[in-house]
Amino acid sequence: MKSITICLAITLITISINAQKIIYKSDDFSVYEDRVIQEKDEALAKSFNEITSNYKSSFKTPTKRNLEFKFSINGIDNERDFAQNHYFTINPVNGHAESPLIVFGEPDAQTNMDNTLSAFLQEDADITIRLDMRKVINDFNTKGYYQTFNGQKITKEEFKGVYIAGNIYPLTWDFQSLPDKPEFKLTDANNDGIYEITIHFGKETSPTSDLSATYWKLSKDISNYPKLESPLVLTDALYNKALEEMLLDVRSDSAFMAGAKWPGVWTRDISYSIYLALAAINPDASKVSLRAKVKNKRIIQDTGTGGSWPVSSDRMVWALAAWEVYTVTGDKEWLKESYEVIKNSAEDDLLTARAPETGLFHGESSFLDWREQTYPKWADPVDIYNSQCLGTNAVHFQTYTILSKMAKELNENSDKYEIISAAIKDGINKYLWMHDKGYYGQYLYGRNFQSLSPKSEALGEALSVLFGIASPEQAKTIINNTPVVKFGVPSIFPNIPNISSYHNNSIWPFVEAFWGLASAKAGNSLSVETALAAIYRASALFLTNKENMTASTGDFFGTEINSDRQLWSVAGYLSTVYRILFGMSFEPDGISFAPFIPQNYGGIRILKNFKYRGATLDISTDGFGSEISQIALDGITLETPKIPANLTGKHLVVIVMKNKALEIDKINLAENLYSPETPVVQLSRQELKWDKAENAAQYFIYKNGVKTAETKDNFYPLENEQSFAEYQVLSVDKNNNYSFLSEPVVVNQDGAVFIYQAETGGKRVPGKHSSVNTPGFVRIEKGDKNNLTIGINVKTDGYYCIDFRYANGNGPVNTDNKCAIRTLLVDKKPVGPVVMPHKGNSWTNWGFSSPVKVNLKKGKHTVALTFRQADNNMNGEINSANIDYLRLTLIK
């Protein structure tokens, strides 16, 4: 009888589920009108305000040895600046290891990393971390307070404890949660100011129940925001959850934070979020956030690779958000304010970040700012600056398009901006489009000669479609052909081998949202449905809008770092409602509507209490498809699907669709593949040699950025080269996936490379460094009154590269904002920027600056480094480097 009862219960449950309307179904998961089911996991929307989930990650991963961590007073990220962390390689003896004594607020006194060991723990380990708090305690006792790096004062009475945060589980970067986790609180057993904590790290990391929420119920008042009502309780509940998480992401100063683990206001995070949805429903917080990212009437590029701007130059996404705020609000004062900021920033970029050969802009991929996650291992910050990336250039294109629109709104001349935007568009289509693949390549990269990386870059592909860089035909082929995996569109494809998941092997919901928007514009219904389902699956099962997930498993666990209620993931969800299902597009003179409603989403959908300038709108759609049968404002049929900006009071917008089935186009559903390893190439007796790469079927040989040969061997003999050349090799696997090109190997430097010591043109600073040709170097500072001027003697007419051997120890490779920048003058005429990023907190780590290419005639010339307004970095004060020598290279 018990068996019969169980079978009957299972049958009834199955019938109940089958009775539900299926929105989306794949081999891996299904989305119903009230639930998501993925094998044994299920999320159920019990109402518009309540969701349950039994999702538990089953993912396990080896535990990394290299521990990255930081200390925290009272559960606040207040020890040192962002990403200025401590490092320790876990190398246990008999299951235990102990860190050196670390002083609170100070960098590590010694290198605590050992990269000769295996990457992962081979045994469980108990690690004792020791912290010197004596200075903090002394300040408490003598001053009554301790002042943190950012000027915050913590009184003795306010001190509740010191905690540890870090990158390896069980540690977390969620500082705010630390006071609720006593296991992460350090103790002073001897009352001597030396605090300690012992943490257990297993050799395998797997999530525990506290990493998966099981229940969400609306707790915030969201009545001031648009209310969604549709036949699909799941999508409406997820919408309400997104509104609540948006409110949770508003800080006490009314600006948006980046997410639960990221309390800062970050330029690209807030800007993409504001563009996607937040300008439409929270323009006031959007303005506060955007103003927080302005300094000296210029957009702030957040701390990043090599000291921030111009190694990263995607700060201009701020322009997209600022324009969106204007089109939503019609605020002319905001228009004037933001126009000046964008114009100033753009003028600096034209001088410091633009490549004259292509018309494109330098700077690492927009949002993909973790070096080895998307670049070859050999690429240093100068190489990353030199790259010309799809997503970043799409942002620059749209910036100049927006500047043109702003100028017209303000009755100013827009010709200059239209010319620049057209040149960027031409450059993207000339240098980045891949006819054989039907989508754009990731970026141009290299040294003196550049090549195109054929990886797809999902955000850049989507932005190119949305902004009209791609033609309508190109847009269709991009959406049809860009690889998509079973849980969504990966940030890049194929993945890079032996690199952890974060940008690599990852899906980001906000990118998925942009992909959905681009798919709707291209008219690809299957791609829209797939994108929506990917967003719903993650938001429902995880019960929060996570920062990212692994592309291979679709799991939130296993990426390098992941945050709940990530702002742009929240905005991404909201955008699927406003921009896709209701098809809203804001313009200076009104709102246009172009709903894109897959057939499974048909029916009546209402958006109530949508506040737009002086009006409050109730907007409804009825039916499915992408063609409007009729649109009416307050019962009066409109000739075009657009309402004016001058409405006041309460109004009703009714949109009836034609119920014409959408064209079911194709998508490129691919296995989550990895590229083969990048060869490490050496030159030996006029022969290139490299170790055979795993999974490589053949190798391509490149000379000066152009493919010249193929081989299945792991060597390649060079013919008698008579001139300077750079050779590179890439691996190709059986699926025709390419590795990155190897680091360039230079051939025939003799007679092509000329060295001029910096001391001939500036004041020598004596010191030990790696040059064998000079006992010193020249120091350049922002406040220098005189240029560094060096005389050169060119032996033959030709095309030359000029760069400088330099050191910049003002910050680490991965963060801070003290990239050194100067303008290069040849015979007193400016010819381009010289960019000298951080190379780590060391003044003995020498490398070469960004190169400037010039045509030179035979004879004597003067070459100078000078400082001008556009050379101001994001720090504004520290802009210095040591210069060893000038290198002049004849390249053709």
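## A buried phenylalanine and its partner

Let's start with Phe610, which has 1% relative accessibility and so counts as buried. Keep in mind that this is a predicted model. Phe586 also counts as buried, because its relative accessibility is 10% and the cut-off for buried is under 20%.

The structure holds 42 aromatic pairs. The ring centres of Phe586 and Phe610 are 6.2 Å apart and their planes meet at 15°, so this pair is stacked. Phe586 belongs to strand S30 (residues 584-587) and Phe610 to strand S32, so the pair ties together parts 24 residues apart in sequence.

## A tilted tyrosine pair

Now for Tyr536 and Tyr601: with ring centres 6.3 Å apart and planes at 45°, this pair is tilted. Tyr536 sits in helix H14 (residues 525-542), while Tyr601 is in the loop between strand S31 (590-593) and strand S32 (604-612). The pair thus links distant parts of the chain, 65 residues apart. Both Tyr536 and Tyr601 are buried.

Arg537 lies over the face of Phe29, 5.8 Å from the ring centre. The charged end of Lys546 sits over the ring of Phe556, at 4.6 Å from its centre.

## An enclosed helix

Finally, take a look at helix H3 (residues 233-248). Its 16 residues reach 23 Å from first C-alpha to last, close to the 22 Å expected at 1.5 Å a residue. Of the 16 residues of H3, 15 are buried, so the helix is largely enclosed by the rest of the structure.

How values were computed. Residues numbered from 1 in each chain as written. Predicted model: local features only at pLDDT ≥ 70, side-chain atom pairs only at ≥ 80, totals over all residues. Heavy atoms only, no water. Helix = DSSP H or I, 4+ residues; strand = E, 2+ residues; numbered from the N terminus. Expected span 1.5 Å × (residues − 1). Buried < 20%, exposed > 50% of the residue type's maximum accessible area, 1.4 Å probe, protein only. Phe/Tyr/Trp six-rings, centres within 6.5 Å; stacked < 30°, edge-to-face > 60°. Lys NZ or Arg CZ within 6 Å of the ring centre and 35° of its normal.
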